[in-house]
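User: Hi, I am new to this structure and would like a close look at its salt bridges. Could you walk me through them, and through the parts of the chains they sit in?

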Number of protein chains: 2
Amino acid sequence: MRLYWSPVELASRLVKRGITYNFASGSPDPSLLPINDVKRSFETVYENYGTAILAYPGAGGLRELRIEVSRYLNENLNINANWRDIIITAGAQHAIKLLSQLLIRRRTAIYTENPTFVETVAPMRYEGARLIGVPISDDGMDTHELEKLAKNNGPGIVYTVPNCHNPTGVSLSRDKRKHLLEIADRYELRIIEDDPYTPLHSNAEPALKSMENDVIYVGTLSKILGPGLRIGFVVTSGRLRNNLEMIEQHDFATSTLTQYIVYDLLRRGVANRVIHNARRLYPRKLRELVDSLNDYLPGAIMYNPYCGFYSFIRTQINAWDLLRKSIRQGVAFVPGDRFFIDAGKQDTARLSIGSIRTELIRDGVKVLSSIIKGV
Amino acid sequence: MRLYWSPVELASRLVKRGITYNFASGSPDPSLLPINDVKRSFETVYENYGTAILAYPGAGGLRELRIEVSRYLNENLNINANWRDIIITAGAQHAIKLLSQLLIRRRTAIYTENPTFVETVAPMRYEGARLIGVPISDDGMDTHELEKLAKNNGPGIVYTVPNCHNPTGVSLSRDKRKHLLEIADRYELRIIEDDPYTPLHSNAEPALKSMENDVIYVGTLSKILGPGLRIGFVVTSGRLRNNLEMIEQHDFATSTLTQYIVYDLLRRGVANRVIHNARRLYPRKLRELVDSLNDYLPGAIMYNPYCGFYSFIRTQINAWDLLRKSIRQGVAFVPGDRFFIDAGKQDTARLSIGSIRTELIRDGVKVLSSIIKGV
């Protein structure tokens with residue numbers, strides 16, 4: 001199975017129209033997207049740079065943007081990186097794909113939370129990775145289990161979303177972070193930290209990258225400024241940094257125009273303003289989802305989500321069957337089976353609060369629960 | 001050598017500032033870029049679609065854009081394709097990379113003009129392709145030689161720029177086009193037709209795709225609307241079409257915003273207007289380059305360029321040495337060695353008329369000739 005449809009894409013194809021309760025999308029809340037500032041930034045870079053905004057992008061990304069991202073990382077995530085060590089990509093997914101091409105050979109061991117984010121492991125599978133699932137609990141990946149697995153399976157890569165995990169919402173505890181870094185050092189594991197959600201949460205644990213510079217950090221501005229801009233980045237150094245720049249020549253995929261726009265948005269502090277609002281909105285929405293699930297589907301939540309967009313639940317019945325039924329009543333979500341390393345539990349689902357309006361969450365859960373209960 | 005710097009990138013890194021005569025860049029003429037229409041289209045899609053222009057892109061591309069591209073292909077290139085058979089990519093280079101990933105295994109035979117475009121063959125080499133150079137003359141690839149090579153090396157892929165070849169400027173004659181299609185059929189060769197320049201020339205031979213639907217067609221709007229938008233496309237069908245959509249999920253690299261902008265530009269006929277002007281400007285510039293070369297460096301032109309941006313010349317001395325000297329006198333170009341399949345002739349160069357102003361071409365060639373002649 002080298003190529004397959006992501007369940008996120010499949011679910012979104014089932015949903016054509018008429019969805020009132022969209023728990024499927026990992027998109028940010030449209031009310032937070034700084035659409036007017038995007039317009040203003042477009043006008044600014046049009047005035048200031050003229051046709052340069054339509055020129056070919058260079059490998060590695062626009063220098064001005066790389067400098068702004070380095071400031072942003074320093075201010076918001078306590079990550080200190082020289083701008084040269086920040087490689088701009090066409091979104092975090094593109095970053096993961098390029099890293100997969102560079103770091104993964106046939107049978108390379110990839111240790112990752114199980115369940116994990118199905119879309120980012122797809123390019124790893126395509127390169128022939130041997131995915132090794134590590135169980136998780138409410139405080140993240142079971143690092144003792146990781147250690148046992150690493151002893152048996154040898155050196156490789158840890159691909160992890162330590163904060164506000166996708167699809168479970170859990171965060172790795174401080175102690176486990178230290179343990180993870182120790183294990184990585186002891187068993188020759190390179191860590192890829194995929195981190196889209198930390199900036200959206202005020203009480204998040206520190207990024208692994210801020211604790212250990214060897215960590216390969218993948219970030220994105222999609223959840224803050226808008227996924228349609230396709231601006232993500234990798235923070236790394238040395239040979240991998242150079243190789244990333246070289247392999248970017250193979251697609252030159254990152255739009256010069258959107259790099260300029262994001263540069264101007266960062267420069268004007270728009271990202272920080274969105275983050276300020278996001279830190280009030282998303283935790284409230286996640287709370288509302290958890291409360292509603294506890295009220296209408298008690299016991300369904302499989303992990304206790306700490307932050308981010310997601311809650312992962314047991315659906316009791318086959319989740320694809322449930323999805324087909326629930327779409328007819330205006331509720332969409334993503335079935336959970338494919339999030340498991342070996343296409344596991346058929347009766348699970350990922351619910352997202354990313355783009356649904358707060359006041360619709362409770363009703364959506366109510367509708368879902370009535371379908372599950374066959375009412 | 002799985003990863004290496006493109007000479008185009010290397011040359012552009014040598015050139016930091018102070019270049020008066022830029023023969024290096026394959027960018028389109030800035031005076032033709034419809035920057036004000038890009039602004040107008042931004043405003044239109046902002047008004048009409050709001051935050052949808054910042055949403056995640058779907059695999060395969062924006063339906064509205066695919067429909068407009070299908071109209072564009074029909075009007076300008078006599079290619080008839082259902083919009084579903086048009087896969088939007090983040091530029092043609094991205095398209096070539098995805099195709100390389102899908103079609104190339106270790107030792108897959110890739111038959112291509114020699115010299116060929118160094119940047120597009122880089123992802124093919126990365127996938128382990130066995131590149132087989134086919135000699136070219138003023139009327140394109142030597143198809144008789146291709147036939148001999150195919151007999152010896154077996155089935156594979158023909159990667160070709162049949163119109164306005166990069167880096168030589170030649171075009172494949174009508175008879176050779178027919179012959180190429182016959183050979184492809186007889187020896188099980190799939191054809192990838194890379195076609196950035198045909199729309200810019202009024203007297204071009206028909207695209208291979210318009211003659212034979214099995215051809216995989218790679219197009220771009222970079223040379224017309226601006227490379228910084230990163231919008232290209234593949235025209236193909238069946239299983240390859242589906243696989244392209246699936247592998248696009250691995251990077252989701254194409255900006256939603258620039259897809260909407262290009263959709264609106266096509267809808268308003270902006271591309272056709274640019275094409276109208278391009279068909280007057282570029283042939284004049286290429287003529288000026290050829291005339292100047294004949295005047296100041298007689299015998300230097302290795303192939304007789306028919307259309308597009310390039311002329312490929314003999315430099316008499318090592319082209320990298322020449323470049324270092326010429327940059328100091330304000331002249332840039334791309335050394336030609338890497339355009340050869342086996343890093344060939346050190347005393348060759350690609351000169352581009354893409355972005356240099358017409359009135360500077362003659363002087364630039366004069367300066368270059370004086371350096372070569374050691375005056």
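Analyst: Let's begin with A:R71, which is partly exposed at a relative accessible area of 45%; here buried means under 20%, exposed over 50%, and partly exposed in between, computed with a 1.4 Å probe on protein chains only. A:R71 forms a salt bridge with A:E68, and their closest N and O atoms lie 2.8 Å apart. The term salt bridge stands for a side-chain nitrogen of Lys or Arg within 4 Å of a carboxyl oxygen of Asp or Glu. A:E68 counts as buried, with 9% relative accessibility. Both residues belong to helix α3 (residues 63–77) of chain A, where being three residues apart separates them by about one helical turn. Helices (H or I, at least four residues) and strands (E, at least two) are DSSP runs, numbered from the N terminus.

A word on the background: this is a predicted model, in which local features need pLDDT of at least 70 and side-chain atom pairs count only at pLDDT 80 or more, while totals for chains, interfaces and linings use all residues. Residues are numbered from 1 along each chain as its sequence is written, chains are lettered from A and ligands numbered from 1 in the order in which they are written, and side-chain values use heavy atoms, leaving out hydrogens and water.

Over all chains, the structure holds 40 salt bridges. In chain A, a network of salt bridges links A:D37, A:D264, A:R267, A:R268 and A:R273.

Now for chain B. B:D139 forms a salt bridge with B:K176, with 2.8 Å between the closest N and O atoms. This pair links distant parts of the chain, 37 residues apart: B:D139 is in the loop between β4 (130–137) and β5 (140–141), and B:K176 is in helix α7 (residues 174–186). B:D139 is partly exposed at 33%, whereas B:K176 counts as buried at 13%.

Helix α7(B) also meets helix α6 (residues 143–153) of chain B: their axes come within 10 Å and cross at roughly 10°. The two helices are therefore roughly parallel to each other, a label for angles under 35 degrees. B:K176 takes part in this contact, alongside B:H179, B:L180, B:I183 and B:R186 of α7(B), and α6(B) contributes B:T143, B:H144, B:L146 and B:E147; contact means heavy atoms within 4.5 Å.

One more pair: B:E359 forms a salt bridge with B:R357, the closest N and O atoms being 2.8 Å apart. B:E359 counts as exposed at 54%, and B:R357 as partly exposed at 48%.

Note on methods. Axes are lines fitted to C-alpha atoms, for helices over the stretch in contact, and angles run from 0 to 180 degrees between N-to-C directions. Angles under 35 degrees count as roughly parallel, over 145 as roughly antiparallel, 65 to 115 as roughly perpendicular and the rest as oblique.
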